[in-house]
Amino acid sequence: SCSFSFNSASLVACGGKYDAFGELRAFDCTSKEIEHEYRQKDMQIYDCKFSPKQCANIIAFCDGGINFFSEIKTFGSVSLFSLTQNLVLRRWEFSQQVYCLAFSPSGNLLASGDGRVVGGEVCFWDLESGFLLRKFCHEAAVFSIAFSQDGKSCWSGGYDMNLRQWECSTSRTLKSIHCDLEAQASSFSPNAQFLAVASKTFSLE
């Protein structure tokens with residue numbers, strides 16, 4: 001996964017191996033040099049996003065791993081990371097792997113998608129307080145989240161092959177579409193007229 005900063009000056013990318021390590025790198029887009037680098041043990045970093053706030057040099061990333069020696073087989077977290085301070089500012093722990101993230105257009109909320117083969121959730125976090133505001137439920141792991149341009153609704157999709165549109169202020173389901181594909185990634189067009197969804201079978205809807 002990768003994400004540009006609000007001014008397109010920096011690019012952050014992430015990856016790793018699920019049972020070994022996770023890595024995060026921020027690049028200067030002009031010089032192509034590595035500006036910042038973060039590495040952790042045991043958990044692969046699945047997704048990373050720059051905050052849309054112009055005054056913040058902050059990214060969010062999510063991860064997950066597998067513990068072969070515990071009854072809790074999977075685990076994950078969502079972190080806010082300051083590139084300026086090279087420091088994790090806040091971390092939310094999960095008992096399952098977390099696969100995707102999305103900032104609201106205002107940058108005040110962060111949505112995370114997690115889950116297993118059975119059962120998945122979209123969680124809304126208030127970034128100022130750190131509180132969990134609400135949850136949206138899927139039947140299986142959530143792999144993609146996209147906010148509308150006005151921030152009033154979001155779409156999520158994943159392993160259950162259902163795309164769902166949620167009203168952010170109430171958790172109400174506005175629309176549900178069975179699409180016969182696992183939504184691995186999604187993005188709104190700038191005019192908010194189209195939602196592009198990429199699947200594991202290399203198709204685009």
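Trainee: Which residues line the largest cavity?

Mentor: This is a predicted model, in which local features need pLDDT of at least 70 and side-chain atom pairs pLDDT 80 or more, while totals for chains, interfaces and linings use all residues. Residues are numbered from 1 along each chain as its sequence is written, and side-chain values use heavy atoms, leaving out hydrogens and water. A cavity is a set of points on a 1 Å grid over the protein atoms alone where a 1.4 Å probe fits but cannot get out, and lining residues have an atom within 4 Å of a point. For the largest cavity, the lining is Val-12, Leu-24, Arg-25, Ala-26, His-36, Glu-37, Tyr-38, Ile-59, Phe-81 and Leu-83.

Trainee: Which elements give two or more residues to the lining of the largest cavity?

Mentor: The lining includes Leu-24, Arg-25 and Ala-26, as well as His-36, Glu-37 and Tyr-38. The elements that contribute two or more residues are strands (DSSP runs of E, at least two residues). They are strand E3 (21-28) and strand E4 (34-41).

Trainee: How many bridges join E2 and E3?

Mentor: Strand E2 covers residues 10-17 and is joined to strand E1 (residues 2-4) by 3 antiparallel bridges, with Cys-2 opposite Ala-13 in E2. E1 and E2 form a hairpin with 5 residues between them, and Ser-8 in the turn has a positive phi of about 65°. On E3, Phe-21 is the bridge partner of Lys-17. E2 and E3 pair in the antiparallel sense, and their number of bridges is 8.

Trainee: What are the edge strands of the open sheet of 4 strands?

Mentor: Two strands pair if DSSP finds at least two bridges between them. The open sheet has antiparallel pairing and the order E13-E14-E15-E16. Each edge strand pairs on one side only, and these are strand E13 (142-147) and strand E16 (173-178).

Trainee: Does Ser-186 count as buried or exposed?

Mentor: Ser-186 lies in strand E17 (residues 183-188). Leaving aside neighbours within four places in sequence, Ser-186 is in contact (heavy atoms within 4.5 Å) with Ser-144, Ile-145, Ala-146, Leu-195, Ala-196 and Val-197. Relative accessible area under 20% means buried, over 50% exposed, and in between partly exposed (1.4 Å probe, protein chains only). Because its relative accessibility is 18%, Ser-186 counts as buried.

Technical notes
1 Å grid on protein atoms, 1.4 Å probe; cavity = no way out; pocket = protein on both sides within 12 Å on 5 of 7 lines; lining within 4 Å.
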